[in-house]
Every structure is written in C-alpha cells, then in structure tokens.
Protein chains: 2
Amino acid sequence: MRHNFGAGPCILPQEVFKQASQAVLDFKDGLSILEISHRTPEFEAVVDETVKLVKELMNVPSGYSVVLLQGGASLQFSMVPMNLLPQGGTAAYLETGVWANKAIKEVKNFGTANIVASSKADNYTFIPKGYSIPEDSAYFHCTSNNTIYGTEMFELPETNVPVVCDMSSDIMSHVVDVSKYDLIYAGAQKNIGPAGLTIAIVKDEVLGKSGRGIPSMLDYKVHIDGGSMYNTPPVFSIYVAMLNLRWLKSKGGVAEIEKENIAKANALYKEIDRNPLFKGTCAVEDRSRMNICFVMENPELEKPFLKFAEENGIEGIKGHRSVGGFRASMYNALPITSVHALIDLMQTFEENHK
Amino acid sequence: MRHNFGAGPCILPQEVFKQASQAVLDFKDGLSILEISHRTPEFEAVVDETVKLVKELMNVPSGYSVVLLQGGASLQFSMVPMNLLPQGGTAAYLETGVWANKAIKEVKNFGTANIVASSKADNYTFIPKGYSIPEDSAYFHCTSNNTIYGTEMFELPETNVPVVCDMSSDIMSHVVDVSKYDLIYAGAQKNIGPAGLTIAIVKDEVLGKSGRGIPSMLDYKVHIDGGSMYNTPPVFSIYVAMLNLRWLKSKGGVAEIEKENIAKANALYKEIDRNPLFKGTCAVEDRSRMNICFVMENPELEKPFLKFAEENGIEGIKGHRSVGGFRASMYNALPITSVHALIDLMQTFEENHK
C-alpha cells in the first residue's frame, strides 16, 4: 500500500484514475479523449460541466466568470498586473514565501509592487498580520497557502481595494467566501486535477481598466468571451478535473471535505506536538492543513526516519530544501487512513529510538 | 471500425493510447502518471527523452534549444514578437490563412507587422510566392501548413533575416532543414501528442536582443535555462508526446513517415481529381499533405455524402465553415487503410449517383 504525501502534482482519487484511464482508450464511440476535437459537443459538455462544478462547489456569486487557462500560477503572476495594474500603478503584495515572491518579481514589467508585509526574515514561518494596505493600491495580492513552509492564511485583511489571491494549493480544501475576492487563480495540480490546467475566477467588473494593450492569450476577457475555448484547451487535464470535481461533489462538496481536512491535519499536528522526536516549524495559528512541515529534535535521525517511512510506503514527505525536515502534503484526495499510517510510523519510530 | 480524419486534436497511434491508459493507472510503483511530482527522477527522464527525441527526429543542429511550453501556437503569436522584435521594430509576415492572420494581429502590442504577401483575396487557396522581404525586418514569420484551407509551404523564400515558422500542423510530417530556421514552434496536438503542450525549437543566438522586459513565463531563455521545468510542466501531455515520438522513431523516423504521408495524400488527391463528383479547392502545387480540402461539383450532394461517410465510420471530414465542403486531415498516425476506406466510399457514392 502506497501513501502519496507528495506536494504536487499530487494524489487524486483512485476512481478518477480509473475513469481517466478508460477515457484514454474510449471516450466516445471508441475514440480516445486524446484524439477528439475540442469542438465536439461531447467535449464542450465537459468544459461546461467543469465550469459549472467550480461555480457550484465554490458557491461563486453572479458577476464572476470562471475560466480554464494554461501556464500555471507562474503565468498568472504576469497576467494579474497585465490585466489589473494601470501603467506605472502600484499594487500591494503580501510576501509569505517563494511563490509570493515570484509573483512580486513579475510586477516590475508593468508597475510597482509595494510589499505591505513580509515574513521573509523568519524564513516565512508565519503569516504577517496587522499591516495596512494603502487605499490607492490597484489591488492587494496574497498567497493563501504556502506549500514550502506549511503556512496558510485563514483570514483576509480588511481592505477596500480589489483582492487577488493565488489559491493554487488550498483551493476547494475549505469554504471561502468568493465575494470577498476580485480574482482567484489556481494551478490545478493540487485539489482540482492534473498539471496543465489553471483556473481563474474573475469578478467581471475589475477587468478592462488597465488601459494597456494585452496580448489576446493573456487577456482574461478574451478567454471569458471564448468560453475557455479561445484556442485549443488542455483537453485531457480539463476532463480529469471534471472527474475530480464530480468526486468532490459526491463526497458532499467543500464543506464536507473541509471537515475531513481538519480531522486529518489535527491528527498529524497532535502527533507532531506529542511525539518528543518531532516538532513543527511554523506558528501554530498559521499552520497549513494542506502541507504539514516538521523537523526532528535530533537532525541526525531525519535520514533514518525518511528511509523508514519510504520502506513502509510513505511517499513524498521529504521537506523542501529551503526548510529541510519533512513535509506531509495532505490534499483533498489523501485518505485519513494514509495519515494514520504516517502517525503509526512516527510512533513506531519513537518506540525504536527510546 | 472508426477512421479519425479530425483536424485536431487528432488521431494518435493506438499503441500510444494503450500505453498512456496504463500509465494513468500505474506509471511507477503503483503511482499514476497524474499524481507524481514533476521533480521525480522518473519524470525528469521523460522530459529529457522527449527533448532528445525531438532533436533526433528533426535532426536539430547544435546551437538550438528545444523547449516544452504551454499555451499553444496562440501564445507563441505574442511570445515571438515579445522575444524577437525590438521596441517599435518591424517584422515581415506572410499571410496564408486565419492562423497567420492571428499571429499578425498580436504584433501590434510590440511593433509593426509588415504583410509581405497575402492570398486573402482568394480565400487563402494558394501560398504566395515571389515576394521580397525587406532586409531590415526583425524576422520573417510564416505558417507552414494551413489546416483550414489545405495549403502547405514546401519551400522557404530566400532571405537573410531570421525565419520564424508556425509548424503546428505539419511538424514531423516531412523532413525539414532546421538550420534554415531561427525559431520553429508548434502546438503538439497534431503530430506530436495531445493538446496542452507546445514545442519550440530556438536558435540560441536570436534571443536576448529585443531590449524589452519579458515576463518570465514568456521568455524562451527562462524555459531553456530551466530545462523546460521553470514551473510545473503539463506532465501527462509531455509523457504522451514522448510515447508518440518513440512510435515515430520506431516507424523509421520523419523520412519514413514522409513517404507514407506522400502515398496517403497522392492516393486521395488522385481520387478527388478522378472522381467527377469531387474537386479540390486549392492550387495543385500548394496542396497540403496533412489537410486535404475538397468540395462537390454539385453542392446539394454534400450533405448526403457527409451522412454516408459518417454512417461508414469516417469521422471528422466536415470542412471548416469558412471553406465548406470537406477536409480530410491525414496526420502521421492515420493509417493508409483509413485513406483507402474514404476512397472506397467516394467511389461507392459515385456508383450510387450515376
């Protein structure tokens, strides 16, 4: 039995793999999902259902559009200022990790990023709070979950400026009030589907105000008007995302999966805090439910523990090189039995090292 | 038996579907190709082999880089001027169809597109020849195959300026001398693999000269330096492309598939020219081997023929709405038996309408 704690691309439900595998052989009338035109009614239905499921699962209010894109969050780092930042304007950015920092760096081609708060000096081990966002910011940008450091933002700051959020690694893991955001984007490869797809949820009224000429493929409006079919979309990634969102709906939706995610995270953090061999790496109140980072009190035991884990079917828990130690990523599709398997292993390791 | 003549995304070899389907269930140690990290050695090997196969199959000379991207040719329409056109500069474009025209339109954000020749007035039924390219053009851009109209460019004009080619729909269908080009790009979803992947072959020395700030994700150099892993790549599309390129290599490579493509195209054009019910739509010397467009002498027979074809397992031959009639797309993976099935049907239809 394998337990996939990888940080992404990551585990998806086993039934999704089965359905996807079948569609590669026969999607309709003996034709593979890999050889059908994106303009067939059958695939247009897939796009429609995917968009509908995103709206339904996230309770997206009217006045927002959902678009299916390519290029990951990394392309969004440029698309956001390109679409929302007037020439020479300033946007407020919260610096909570490497990905936030990459978003900040891309602003330079379009205007200025004003870093309103940062936890960089503490290796991003907490989410800054109590900062203020200048009223004349074109928008405020934040990263809701920081995969490398294991921090997560559960509350937005009070602000009147449009809020943009990179929700790549915790989208659909807990209920969010979409009406508080003006633009949400996410690479699919955590809770939505396989790599190769990006989702954006855009409040229509924030678009068309930058006064800048925008290349068609980088213009949210073009993709909205084209119904996510302005050009050939990533057909298979969208199809698998649809299967996965169907699975999430069948589980009871985001509110239900949130309960599971809380139970999974609580169980592992409890063990980290209890077990004298291990300790967490970031501020308790900012602990991520998606990426749980921890180290060992005795660093010399880290290699043996990693080996022990891998020998017992625990995959992908090696921490990012900038933090070290361990990172257990526990996205929606990771069953709680996998979390228990890891906890059992930590306890056995403790017994073996008494 | 189905015969998939769709224009794209299109047919791939059946053995590729089988291998891809299996990898969705188990790529390594029971883990799906959809749940593995792109940073695993196993997937890094997939990227390396894909790039190596492109270089080998196309005989890419040293001094060129092959990169795996996202966004399709449509994003290349902007990336090309962004990377190669100095601020306010002019590039020469050959207008041979809707896709060429879309490329032309994207130049406006960066400089000027000088249309050196066009067949627009004749609904793009031929490839212009005998035009001249101003020496001070930043580059010359052409589209080697025009899917909608069924024309293909088999010769490049003589020029000293860098040559950029959108080879999306005929890449690897016939031997090209890569050394005559400075930048070749192609959406994967014809002869390379499934939708969601784009390939670019770039002569390294043409980069870094535009003097413009380029967003990281749109900078060829960034992707070259990142080994096509600057950010999370479209894992599954790359994997299937690798399988498909392996298949092409096992068939004897591009030179061998070119012979098959010539045989397939010759057979169908011969029937179009012989059968009194049908006629070709474009200049004989510019006829595409990939997309074969034809109409009926009596337009009233088109609906009945389409119905007859569909009833007999011929998929996807309805012509593009801007041309009408029929379009038989015959990419690398389409077996010659499918072409014979279509020819048989045309002959039966002729018999039935004597």
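## Polar contacts and a salt bridge

Between domain 1 of chain A and domain 2 of chain A, 15 residue pairs are in polar contact, both residues at pLDDT 80 or more. A polar contact is a pair of N or O atoms within 3.5 Å; within protein, one must be able to donate a hydrogen and the other to accept it, and residues adjacent in sequence count only if both atoms are side-chain atoms.

The two domains also share one salt bridge. Lys129(A) and Asp286(A) form a salt bridge through their side chains, at 2.9 Å from N to O. The term means a side-chain nitrogen of Lys or Arg within 4 Å of a carboxyl oxygen of Asp or Glu.

## How the model is read

This is a predicted model: local features need pLDDT of at least 70, side-chain atom pairs count only at pLDDT 80 or more, and totals for chains, interfaces and linings use all residues. Residues are numbered from 1 along each chain as its sequence is written, and side-chain values use heavy atoms, without hydrogens and water.

## The two domains

Domain 1 of chain A covers 14-250, and domain 2 covers 253-352. These bounds come from an automatic or database domain assignment. The C-alpha centres of the two domains lie 27 Å apart.

In chain A, 25 residues of domain 1 are in contact with 25 residues of domain 2. Contact means heavy atoms within 4.5 Å.

Note on methods
Chains lettered and ligands numbered in written order.
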